[in-house]
Amino acid sequence: MKLTPVLLMDDIESSLLFWREGLGFTVTLEVPHEGHLGFVILVREGIEVMLQTWASAKADAPEAVLEGKGQPTNLFLEVQDFHSVRSALSAFPVLMPERVASYGMREMGFLAPSGHPVWIATRV
């Protein structure tokens, strides 16, 4: 079994710096939609994340798009080199300053350009 999050957003281009340079993911598939990227697949170390625009999702399967329902997906990434990843993401808004949680993880939260909260963590 495999679980891959699909993160819906207004535009993909503004999020690529966060995912590629910040977190070290590689784009393995790009699908254009109306002159922009409509869908991409990113991978790193066995992790896969899909980014799709609202417009592309509505064009593909309008009945499945529940825009405005719920809240953004929160992603929790356990990383090997916490300090390097923290440094690479330093240009992005911090949601939660670095801390050591009661369950033994050093963690910090960032806001991706798409509005999705992304937490990085490593075991203490």
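Select strands E3 and E4 to begin: they pair in the antiparallel sense over 6 bridges. This is a predicted model. Zoom in on Arg44, whose bridge partner in E4 is Ile47.

**Stop 1: the sheet around E3 and E4**

Now widen the selection to E1, E4, E3 and E2. These 4 strands form an open sheet in the order E1-E4-E3-E2. The pairing is mixed. Look at the two edges next: E1, residues 6–9, and E2 each pair on one side only. From one strand to the next, the twist averages 15 degrees.

**Stop 2: two loops with positive phi**

Glu34 sits in the loop between E2 (26–33) and E3 (36–44). Its phi is near 50 degrees, a positive value in a residue other than glycine. Is the residue buried or exposed? Glu34 is exposed, since its relative accessible area is 66% and exposed means over 50%.

Move on to Glu45, in the loop between E3 and E4 (47–53). Glu45 is not a glycine either, yet it has a positive phi of about 50 degrees. Glu45 is exposed, with a relative accessible area of 66%.

**Stop 3: Ser56 in helix H2**

Select helix H2, residues 54–60, and pick out Ser56 within it. Ser56 has 11% relative accessibility and counts as buried, because the limit for buried is under 20%. Show its side chain. That side chain reaches the backbone oxygen of Gly38 at 3.4 Å. Which residues does Ser56 touch, not counting those up to four places away in sequence? They are His33 and Gly38.

**Stop 4**

Glu67 counts as partly exposed, at 42% relative accessibility. Display its contacts. Leaving aside neighbours within four places in sequence, Glu67 is in contact with Trp54 and Lys58.

Now select Phe82 as well and draw a C-alpha to C-alpha distance. Glu67 and Phe82 are 15 residues apart in sequence. In space, 33 Å separates their C-alpha atoms.

**Stop 5: the aromatic cluster**

Show the aromatic side chains. How many aromatic pairs does a search of the whole structure find? It finds 3. Phe18 lies in helix H1 (residues 13–22) and Phe92 in the loop between helix H3 (82–88) and E6, so the pair ties together parts that are 74 residues apart in sequence.

Check the accessibility of both. Phe18 counts as buried at 0% relative accessibility. Phe92 counts as buried too, at 13%.

Next, select Trp19 and Phe25. Their ring centres are 5.3 Å apart and their planes stand at 85 degrees, so this pair is edge-to-face. Trp19 and Phe25 are buried. Then display the four residues together: Phe18, Trp19, Phe25 and Phe92 form one aromatic cluster.

**Stop 6: the other sheet**

Select E5, E8, E7 and E6. What order do these 4 strands take in their open sheet? The order is E5-E8-E7-E6, and the pairing is mixed. Find the edge strands: E5 (75–78) and E6 (94–100) each pair on one side only. Neighbouring strands here are turned by 15 degrees against each other on average, direction ignored.

Finish at E6 and E7. E7 covers residues 105–111 and pairs with E6 in the antiparallel sense over 4 bridges.

Key
Residues numbered from 1 in each chain as written. Predicted model: local features only at pLDDT ≥ 70, side-chain atom pairs only at ≥ 80, totals over all residues. Heavy atoms only, no water. Pairing = 2+ DSSP bridges. Axes fitted to C-alpha atoms, helices over the stretch in contact; angles between N-to-C directions. Buried < 20%, exposed > 50% of the residue type's maximum accessible area, 1.4 Å probe, protein only. Polar contact = N/O pair within 3.5 Å; in protein donor to acceptor, adjacent residues only side chain to side chain. Contact = heavy atoms within 4.5 Å. Phe/Tyr/Trp six-rings, centres within 6.5 Å; stacked < 30°, edge-to-face > 60°.
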